[in-house]
Amino acid sequence: MFGLLNLVSLVLGLIAWILPVVNLMRSKKHDHKNWVVLSVMSISACAISLCFQIFYNYHLVKIEDWGALMDTMYAVVFAATVLLIVTIILNAINLIIYRNITTK
């Protein structure tokens with residue numbers, strides 16, 4: 001059951017990156033209504049993904065699997081940092097592009 005937290009976290013992380021990319025590809029069309037909703041969904045998917053990683057680490061602490069924690073913490077911290085930075089950058093690009101489009 002707790003192993004699914006990692007899988008769901010990965011899927012939500014991918015969703016957090018896919019939504020802004022889809023939003024950027026739609027910027028050429030004249031329909032600019034949903035860009036804020038997609039950006040909020042992207043940031044929410046990123047936050048939930050990071051939360052699931054915290055839950056999984058809590059599970060490892062609760063069962064006292066110190067070896068698993070010591071082996072995986074570097075990768076988890078690195079992946080979480082990359083996920084957060086890329087999500088913020090993609091959503092910032094969306095904000096800049098759609099702010100310029102909607103002011104015209």
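Predicted model: local features only at pLDDT ≥ 70, side-chain atom pairs only at ≥ 80, totals over all residues.
1. Setting aside residues up to four places away in sequence, Ser39 touches Asn23, Asn91 and Asn94. Of these contacts, Asn23 is itself listed among the buried residues of helix 1.

2. Helix 1 comprises 23 residues and reaches 34 Å from its first C-alpha to its last, close to the 33 Å expected at 1.5 Å a residue. Its buried positions are Leu5, Ser9, Leu12, Gly13, Ala16, Leu19, Pro20 and Asn23.

3. Which residues make up the largest nonpolar core? There are 5 in all: Leu12, Ala16, Ala45, Cys46 and Leu83. Helix 1 and helix 2 are the elements that give two or more residues to this core. Leu83, a member of the core, touches Gly13, Ala16, Trp17, Cys46, Ser49 and Leu50, again leaving out residues up to four places away in sequence.

4. The largest pocket has a volume of about 340 Å³. Its lining consists of 18 residues, and Ser9, Leu10, Ser49, Ala79 and Ala80 lie nearest its centre. Among these, Ser9 is buried in helix 1, while Ser49 is a contact of Leu83.

5. At least two residues of the pocket lining come from each of helix 1 (3-25), helix 2 (35-62) and helix 3 (66-103). How many of the lining residues are nonpolar, polar and charged? The lining of the largest pocket divides into 11 nonpolar and 7 polar residues, with no charged ones.

Key: Residues numbered from 1 in each chain as written. Heavy atoms only, no water. 1 Å grid on protein atoms, 1.4 Å probe; cavity = no way out; pocket = protein on both sides within 12 Å on 5 of 7 lines; lining within 4 Å. Points joined across faces, edges and corners; volume = space filled by probe spheres on them. Helix = DSSP H or I, 4+ residues; strand = E, 2+ residues; numbered from the N terminus. Nonpolar A, V, L, I, M, F, W, Y, C, P; charged D, E, K, R; others polar. Expected span 1.5 Å × (residues − 1). Buried < 20%, exposed > 50% of the residue type's maximum accessible area, 1.4 Å probe, protein only. Contact = heavy atoms within 4.5 Å. Core = buried A, V, L, I, M, F, W, Y, C linked by side-chain atoms within 4.5 Å.
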